[in-house]
Every structure is written in structure tokens, then in C-alpha cells.
Amino acid sequence: MKIWYSFIALVLLFLVVSCNSKGGKKEENQKKAKAIVPELKLSIDTAAIAGFYETYPKLKNFESEVKSLYEKKNSTQLWLDNKGVVEFGNTLYNKYKGLENEGLKANFPYKEINAVFENNTDNKLSKVNTDLMITNLYFYYAEKVYRGFDEKTSISLEWLLPRKKLNYQVFSDSIFKKSTINDDKKSKMFSQYYKLRDALQQYREIEKKGGWKNIEIDDTYKNLKLGDSSPIVSQIRERLFVTKEIKEDNKSAVCDSILINALKNYELHHGFAPKNKILPEHIADLNIPVSDRIKTIIVNMERCRWIDPELEKGKQYIEVNIPEFKLYLIRDGEIAFTSPVVVGKAMTKTVIFSGTMSNIVFSPYWNVPPSIIAKEIKPGMAKNKNYLKQKNLEWNNGAVRQLPGINNSLGLVKFLFPNSSNIYLHDTPSKSLFERESRAFSHGCVRVAKPRELAIEILKEDPKWTEARIDKAMHAGKENWYTVKKKFPVYVGYFTAWVDRDGQLNFYKDIYQRDESLLKLLTEE
């Protein structure tokens, strides 16, 4: 009996071992089957790239960057494996399809790119050309979002501020190393870009909900003030609630302090001097459609693409925003000083450019430009032989200059940052102009409402230049030049939409009509 049980145990053991052996062999065979699938390795060399651009010439401007990228990646594919497009490639395509979030159109010049991602069975491209097409999509996306229009185009739009230089190789190394095109740290762009992008999203949400209703007034409308009652008040209240200038819409037709204060805040951030009355021009501004506000945001996002984010990291600089009619002195990332300014009128626009603050001139002469001599001074002299004396002018080596003094056109001090356009900051005897809402009156230079305070702020770190000495130099009646010890940049820009440091979106009048031409280029893309 014991022998019989032993025999059965041996048989069972044999069967178990046999089964395990077969199972092990099966698993081993499966592993071998998987292992023998060769890794996809395409050869994408110079000849393949050249052939691609013969077929797809609209992408040829990316050719040099594409060649460099493949050379760095050993001339093999970047976006494909045995299963198809890698996950990073799909992420790129989704970012491209979401270009509207960046204020741009998704207009890649070849529709074949859609077949690559949306329906692989319709993709007629070879694997090599599929990889190359995705690479060109990558450079298309990077150029549109991170660089914007090329420098030739921005110069044609009279934008002479330093352009951001996008190093595609460094940019590509960063992107491929992290396998992401997201800018989570918001560090690749001028910081204002991200703020405007958030504003774009908010205004698009408003647009999806129907925007805001037009406030109806007729030609007899003059104003509304505290305590007035009118159906128009209810319309204004509803309008301000849509953009969160007021926290709730109680439907009241009475013009109360909440509404007046909300409107004053609106005016402050839309290029108006806050008042205690709701005037027709305020209603007209409130009636600007949300679609137009979105266009303004998009245009200014494009301008932000042109600015090197390194510029705002400077220890000290001055920025002037022409449509805002305002100057800021930024020190260590904070606003140290601000002043209203007067800028050039439409016929003598203030140039969009940058320079380096180098000199402060106290009690300056005004060297009259030849254009003003021809258009104003010579005709004045022809009518009045005492014209020069009455205007405190004199001939100086064949030119005309105005003597120092309180009536000098440059006032009592000017600030020089040498440039080919001969633009500078200066004082002015015409102080009343600073009380205007729109302040485009000069021949191109920037007049400062608080020049004395600006001089004090610039000379703050020089103990020799006390406030008393600055005052004395300004009223000396004799020109006195001071060379700034620590020179710093001055940027004169043009932004009609701007998110301030309190997170408040501001809109300004397009005084030089520059938005329309840029918007046309963006919508034609």
C-alpha cells in the first residue's frame, strides 16, 4: 500500500513539473517574441530634410533650425516609436490646437498635420516626413507663441525697442529634456504677457455668456450724478456687474455712492480722470463691445512677445507708456516714482524705443529743431522783427536756441538718454496740459509733470546733490550738465491694454491708431 501511494505521488510530481515546464516555456517564448520586435530607428539626414522642404516650401524658414535639431539627435526620429506618435508629440498638437488661448490662430500651412494626429489611417505621409512635419509644427508653435512677428515686421510698425532673441537650440534642449512645452514657471516671456493671457480668458468667458448690453442714451443726455434716478442707472449697474466693477447688481435705478465709486474706479483704469458725474464719453466707453476689448488684449499680447523678459529684471529703469501718458521709475522690481507725462501729437509721434539715461541738464538751453525753425520761427520773424527777443531766443552758430529760464520750452531741467530720434524727458512751462485726460501735445519729446521730483529720485544715491542744490541748479539761469554715475535704461513703449501690479486690467485710447494695423496682420495669419 505504501508503495502504491509513493507511485501516485511521483506521478503527480511529474505532472506538476511538466505543466510548470510548459508554462515557463510559454512565458519564455512570449518574452522572446516581444524582444525580437526591433526598435524604430529612422534615418533623417540632410538629404531627407532637403527633400521635405521641396515638397513643403511654406515651412522652409525653419530648415536651418530643423537640421540643427536632428544633428543633435543623431539624425533619428524625434516624435515616433513603434506604437506611433509619442505622448509628447500629442501634447504638442493639443497645444497647437489651443493657440486661441494665446490670442493666435491655429493656421499651420499644411493640413496633413491634422491627419497625423486625428486619424492615423488618413495619414499619407511616410514615417520620415511624418516626423519632419511634427518637428516643423514644433518650430511653428514656438515661433508664434514665444517670438511673434519677426523684427522686420515690428520695425515696420515703428517698434524700436530691443527685440527678444529666441535661441531655438537652447529652447529646444530645454523642451526635449523635460518633454513638455508648458511654461509652468511663466519665465519664458515678459511677465505682462501672462497677465494679459489670463485677462483674455476672462473676457472670452464674458463673450461666451453674451457679453454686455448696450447702454441706451440719446442726444439729450448730459450726465448723471449722485442721487439721480433713471433707467439708465440700472443699465450702467448691470454693465459694471458683468466686469466685476461692482460686486452685485441690485437693479436699483438710483445713482448711489456705490455706483459712483465703481464708475470712478472704471474711469481710472480706462484712461479717464475720475469724476463725480457719469458723462456721455463714459457711456460710450462702457458700450465698447467685449469683442473689441478682446482684440485689444490680443494685440498687446503680441507686443509682449517682442520684449525680452530680462529687461524687467534690471535694478533700475524708467518706463513710459505712451497711451497711458505716464512715466514710472522702477527700482528693485518696485515702483519708486511715477509722474503724468505729455507725449507727441499724432503728427509728431513719440518714438517707441529705448536709450540709456546718461545726463541731467539743469537750466537748459532749448536748441530749436530745424523743422520748427522752418515751420514756426521763420514765419514768426517775417511778421514780427522782435519775434526772437520776445520768445527769449537767440541765434547760435547758424541755429536758434532759447535761453534758460522759467519760460524755456524745456522748463528748468531735462533728462538725456542719447538716441537718433533726439527724444528726451523734460520739464515744461505749460503745466495746465497735465490736467487733460488726453495729453498728446508735444513735438515728440516727453514732458514730465514732476521733473524736480524725478531729478531728486535719480540723484538719491548721490549725497552731493541735495534737494536744495537741485533747486538752485534748476533756477540758476545758467546751463549745468550732470553725468549720471550709474546709468540705467529708459524704455518708451506703447501698450493699450495693461494689467497693473494690483491685478487690475487697464485699457487706454489708441492715440496713434497702431492697434488696427497689428490686428490686421494677426488676423491674416
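Is phenylalanine 325 buried or exposed? In this predicted model, phenylalanine 325 has a relative accessible area of 5%, and it is therefore buried, since buried means under 20%. Phenylalanine 325 sits in the loop between strand E5 (316-321) and strand E6 (326-331). Its backbone deserves a look as well. Most residues other than glycine have a negative phi. Phenylalanine 325 has a positive phi, near 55°.

A second residue with a positive phi is glutamine 513, where the angle is also near 55° and the residue is again not glycine. Glutamine 513 belongs to the loop between strand E18 and helix H18. Its relative accessibility is 58%, so glutamine 513 counts as exposed, whereas phenylalanine 325 is buried.

The strands on either side of phenylalanine 325, E5 and E6, lead on to the largest pocket, because each of them supplies at least two residues of its lining. The other elements that each supply at least two are helix H9 (191-208), strand E7 (334-344), strand E16 (480-493) and strand E17 (497-499). E5 gives the most, with four residues. The volume of the largest pocket is about 1,200 Å³. Its lining comprises 47 residues, and those nearest the centre are Glu324, Lys326, Tyr328, Trp498 and Tyr508. Sorted by class, the lining holds 24 nonpolar, 10 polar and 13 charged residues.

The second largest pocket has a volume of about 770 Å³. It is lined by 32 residues, with Trp366, Pro369, Ile372, Glu376 and His443 lying nearest its centre. Strand E9 (366-367) and helix H14 (370-383) each supply at least two of the lining residues, and H14 gives the most, with five. Here the lining divides into 13 nonpolar, 13 polar and six charged residues.

Charged side chains also pair with each other. Side chains of opposite charge can pair when their charged atoms come close.

Which residue does the side chain of arginine 514 meet in a salt bridge? The partner is glutamate 158, with an N to O distance of 3.6 Å. Arginine 514 has a relative accessibility of 9% and so counts as buried, while glutamate 158, at 44%, counts as partly exposed.

The side chains of aspartate 285 and lysine 509 form another salt bridge, at 3.5 Å from N to O. Lysine 509, at 40% relative accessibility, counts as partly exposed.

Glutamate 63 and lysine 67 meet in a salt bridge at 3.6 Å, N to O. Both are in helix H3 (residues 63-72), four residues apart, which is about one turn of the helix. An α-helix has 3.6 residues a turn, so residues three or four places apart point the same way. Glutamate 63 counts as buried at 12% relative accessibility, and lysine 67 as partly exposed at 27%. Salt bridges with shared partners join Lys60, Glu63 and Lys67 into one network.

Which residues of H2 are buried? They are Ala48, Ile49, Phe52 and Tyr53. These four lie on the same side of H2, because they cover an arc of only 135° around the axis. What covers them includes H3 and helix H6 (127-147). On the face of H2 turned away from this buried side are the exposed residues Ala47 and Glu54.

Terms used
Residues numbered from 1 in each chain as written. Predicted model: local features only at pLDDT ≥ 70, side-chain atom pairs only at ≥ 80, totals over all residues. Heavy atoms only, no water. Salt bridge = Lys/Arg side-chain N within 4 Å of Asp/Glu carboxyl O. Buried < 20%, exposed > 50% of the residue type's maximum accessible area, 1.4 Å probe, protein only. Arc of directions from axis to C-beta. Contact = heavy atoms within 4.5 Å. 1 Å grid on protein atoms, 1.4 Å probe; cavity = no way out; pocket = protein on both sides within 12 Å on 5 of 7 lines; lining within 4 Å. Points joined across faces, edges and corners; volume = space filled by probe spheres on them. Nonpolar A, V, L, I, M, F, W, Y, C, P; charged D, E, K, R; others polar.
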